Amino acid sequence: MQVVVRFADNIKASIRSCAFAGRSLVKPAAMCKELKGKVLKLEPPARNGPMGCQGDRQQDWKKILDTTVHVLQAGQVVAVPTDTIYGLACLAQNSDAIKRVYDIKGRNGEKPLAICVGEIEDIYKYCKVSVPGQLLRDLLPGPVTLVLERSGELNMDLNPFTPLVGVRIPNHAFMRKLAQLCREPLALTSANVSTQTSTLVVDEFCELWPWLALVVDGGPIGDTMSPECRLGSTVINLSSPGQYSIIRPGCALKPTVEILEKKYRLLLKPAHR
């Protein structure tokens with residue numbers, strides 16, 4: 001597969017013109033067609049196919065991973081598939097890239113971004129963990145965001161208004177490998193204009209493409225006709241010892257609560273009145 005990437009610096013003029021047109025004159029379908037050069041198709045791993053086919057796909061994945069890492073390390077924002085919905089990602093330790101994410105989404109600056117890491121061990125570097133390590137392993141990788149107290153290792157420009165941070169390890173092979181290769185946390189949020197519905201295929205957020213350096217197309221995520229598939233991850237606050245609170249029910253609330261209450265005897269924290 002030929003991997004084609006148009007970096008923002010190389011096509012600045014065309015991106016600017018498309019960007020303004022994307023909000024006014026150009027129809028989404030036409031804009032998607034014009035910007036397809038920044039979309040990399042991530043083929044699913046071959047399971048029972050010929051060994052040669054599997055090798056080709058592994059090489060394709062490697063090329064896409066290497067390209068995505070390069071773009072992220074250049075301070076750019078990319079769109080990526082996860083185990084729940086499509087997301088926007090940048091390096092969490094890059095303050096300029098974080099600002100760019102907020103600008104792209106039109107997101108309220110007081111709404112936090114989560115971080116994505118590749119291994120359970122990485123959580124201990126960027127968070128102060130007050131729950132058993134096995135609890136983390138019971139829920140991650142998976143469609144859950146765990147909110148913990150942040151450590152001093154995390155960029156202070158990421159969510160400077162709160163001592164907490166949500167952390168994810170998506171149950172998605174590409175995302176886990178990407179975080180591992182970057183060797184630092186990714187800032188992660190949904191790939192949509194703020195307040196709009198979450199997205200399950202890349203064409204659903206093509207109005208954002210002009211501002212993105214790269215779009216990794218992993219195909220449809222779940223049933224695009226099902227509202228339940230657009231709920232995003234379940235967000236749980238574990239920053240209070242012995243207790244938990246639900247920030248967002250998301251797509252995995254029931255099994256998550258069962259683990260927290262039945263196995264670890266955590267209590268649901270009373271809501272503030």
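Is D138 buried, partly exposed or exposed? With a relative accessible area of 26%, D138 is partly exposed (buried is under 20%, exposed over 50% and partly exposed in between, using a 1.4 Å probe and protein chains only). Keep in mind that this is a predicted model, where local features need pLDDT of at least 70, side-chain atom pairs count only at pLDDT 80 or more, and totals for chains, interfaces and linings use all residues. Residues are numbered from 1 along each chain as its sequence is written, and side-chain values use heavy atoms, with hydrogens and water left out.

So what does D138 pair up with? Its side chain meets that of K263 in a salt bridge, 2.8 Å from N to O (a side-chain nitrogen of Lys or Arg within 4 Å of a carboxyl oxygen of Asp or Glu). K263 sits in helix α8 and D138 in helix α6, 125 residues apart (helices are DSSP runs of H or I with at least four residues, strands are E runs of at least two, numbered from the N terminus).

Now hop over to helix α7, residues 173-182. Here F174, M175, L178, A179 and C182 are buried. They cover an arc of only 130° around the axis, which puts them on the same side of α7; the arc is taken from the directions from the helix axis to the C-beta atoms. R176, also in α7, is partly exposed at 25%, and its side chain forms a salt bridge with E119 (3.3 Å, N to O).
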